[in-house]
Amino acid sequence: FFRIRMSSTHLSVVVPTYDESLNIRPLVERLFKATRDAGLTIEVVIVDDDSGRGTAETEKIVQQLQQEKFDVRLHVRRRREGRGLSSAVLIGFRMANFDVLLCMDADLQHRPEDVPAVAKPVLM
């Protein structure tokens with residue numbers, strides 16, 4: 001278990017997903033823009049619940065985003081690792097590199113533009 005200790009401007013964002021491939025690119029792009037504008041450094045850890053074709057598409061999108069230099073990683077959770085939202089979040093937290101952790105939905109119900117304000121009290 002390895003975690004990078006950084007200043008209070010570093011944030012790991014964990015995103016549990018199931019068949020959310022259509023939302024991944026807009027989520028990551030909006031999240032990085034909002035946090036960059038706020039002076040934050042982030043990584044995004046996506047934990048996918050192995051949704052078949054949706055997972056394959058998510059893998060392709062994450063690879064494209066990585067090639068575009070976004071700090072985003074994908075973990076496809078297999079059945080032996082558990083099922084459900086809470087175990088996906090815990091896997092993402094264990095994978096995170098930064099001390100400050102935030103979990104958000106992939107369906108854009110949580111606005112990426114709100115992340116800096118939500119994280120601010122913890123980052124201070």
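Is Arg-83 buried, partly exposed or exposed? Arg-83 is partly exposed, with a relative accessible area of 40%; buried means under 20%, exposed over 50%, and partly exposed in between, using a 1.4 Å probe and protein chains only. Before going on, keep in mind that this is a predicted model, in which local features need pLDDT of at least 70, side-chain atom pairs count only at pLDDT 80 or more, and totals for chains, interfaces and linings use all residues. Residues are numbered from 1 along each chain as its sequence is written, and side-chain values use heavy atoms, with hydrogens and water left out.

Let's start with the sheet. Four strands form an open sheet in the order E3-E2-E1-E4, with parallel pairing. E3 and strand E4 (101-103) are at the edges with a single partner strand each, so one side of each has no neighbour in the sheet. On average, neighbouring strands here are turned by 20° against each other, direction ignored. As for the terms, strands (E, at least two residues) and helices (H or I, at least four) are DSSP runs numbered from the N terminus, and two strands pair if DSSP finds at least two bridges between them.

Now look at one pair in that sheet. Strand E2 (residues 41-48) and strand E3 (residues 72-76) pair in the parallel sense over five bridges. Val-45 sits opposite Arg-73 in E3, and Ile-46 has Leu-74 of E3 as its bridge partner.

Bring in helix H2 (residues 53-67), and E2, H2 and E3 together make a right-handed β-α-β unit. Right-handed means that, with the strands pointing away from the viewer, the path from the first strand over the helix to the second runs clockwise. H2 lies across E2 and E3, running at about 160° to E3; axes are lines fitted to C-alpha atoms, for helices over the stretch in contact, and angles run from 0 to 180 degrees between N-to-C directions.

The axes of helix H1 (residues 21-37) and H2 come within 8 Å and cross at roughly 20°. That makes H1 roughly parallel to H2, a label for angles under 35 degrees. Ile-24 and Val-28 are among the H1 residues in this contact (heavy atoms within 4.5 Å), and the H2 residues include Ile-61 and Leu-65.

Finally, back to Arg-83, which is in the loop between E3 and helix H3 (85-95). Not counting residues up to four places away in sequence, Arg-83 touches Asp-49 and Arg-77. The C-alpha atoms of Arg-83 and Asp-50 are separated by 9.9 Å, with the two residues 33 apart along the chain.

Definitions and conventions
Angles under 35 degrees count as roughly parallel, over 145 as roughly antiparallel, 65 to 115 as roughly perpendicular and the rest as oblique.
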